[in-house]
Amino acid sequence: MRVFLEAGRLTLRRFTAADVDDLVDLDGDPAVMRYLTGGTPTSREVIQDEVLPRFLQYYERFTGFGFWAAVDTSSGEFLGWFHFRPAPDGPVDEAELGYRLRRSAWGRGYATEGSRALVHKGFAELGVQRVFALTMAVNLASRRVMEKSGLRLVRTFHGSWRDPIEGVEHGEVEYALTRTEWERENAARGGPAD
């Protein structure tokens, strides 16, 4: 197991071809997919032929960035994933934070633990200048994770959806944190800015 990051109760590790079943199970839960596809599951074929290969390609293209399997450190149970990566057409020193966790992991602080650890790693080790995260405006649980991770609401916008889902009429939101803001908050708490 190639460990990327230890984050409290979580270990973030590289994906492997053996993770197909866990990804199919994750994306097969309509509640997990609610704010992504309106609850429609992702097929095994798409995960095996498109999603997982895309995850694996990141490790070769961007050192320190990509998609990471999140496992419970004590049990080894697959909980979901996090991504921390430059936007497809964005600058490499701006990282998008994202996460998708099994329903059994919801409300237990895993999303916040993993997100905080990735934000810290991005600023302290990877040279990131800005971290941002996006979600639907109606996804209140994800918005709370972003806030608990230190990100602040910077805008509400209406994107274009090929297949609009319920709630999209309220728009999407972007949360962000800059290196300067992160350093100032660490200094105010008396911690090192790294």
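Ground rules, quickly. The model is predicted, so local features need pLDDT of at least 70 and side-chain atom pairs count only at pLDDT 80 or more, while totals for chains, interfaces and linings use all residues. Residues are numbered from 1 along each chain as its sequence is written, and side-chain values use heavy atoms, with hydrogens and water left out.

Start with His83. This residue sits in strand 4, residues 78-86. Strands here are DSSP runs of E, at least two residues; helices are runs of H or I, at least four; both are numbered from the N terminus. The cut-offs: buried is under 20%, exposed is over 50%, partly exposed is in between, with a 1.4 Å probe and protein chains only.

What does His83 touch? Leaving aside residues up to four places away in sequence, the list is Gly66, Phe67, Glu96, Leu97, Gly98 and Leu118. Contact means heavy atoms within 4.5 Å.

Now the charges. Side chains of opposite charge can pair when their charged atoms come close. A salt bridge needs a side-chain nitrogen of Lys or Arg within 4 Å of a carboxyl oxygen of Asp or Glu.

Take Arg152. It pairs with Glu181, closest N and O atoms 3.8 Å apart. This pair links distant parts of the chain: Arg152 is in strand 7, residues 152-157, and Glu181 is in helix 6, residues 179-188, 29 residues apart. Arg152 is partly exposed at 39% relative accessibility. Glu181 is partly exposed at 23%.

Arg152 also forms a salt bridge with Glu185, at 2.2 Å from N to O. Again distant parts of the chain are linked, strand 7 to helix 6, with the partners 33 residues apart.

Next, a pair within helix 6. Arg179 and Glu183 form a salt bridge, closest N and O atoms 3.6 Å apart. Why about one helical turn between them? Because Arg179 and Glu183 are four residues apart in helix 6. Arg179 counts as buried, at 15% relative accessibility. Glu183 is partly exposed, at 30%.

Last item, a network. Salt bridges link Asp22, Asp25, Glu77 and Arg102.
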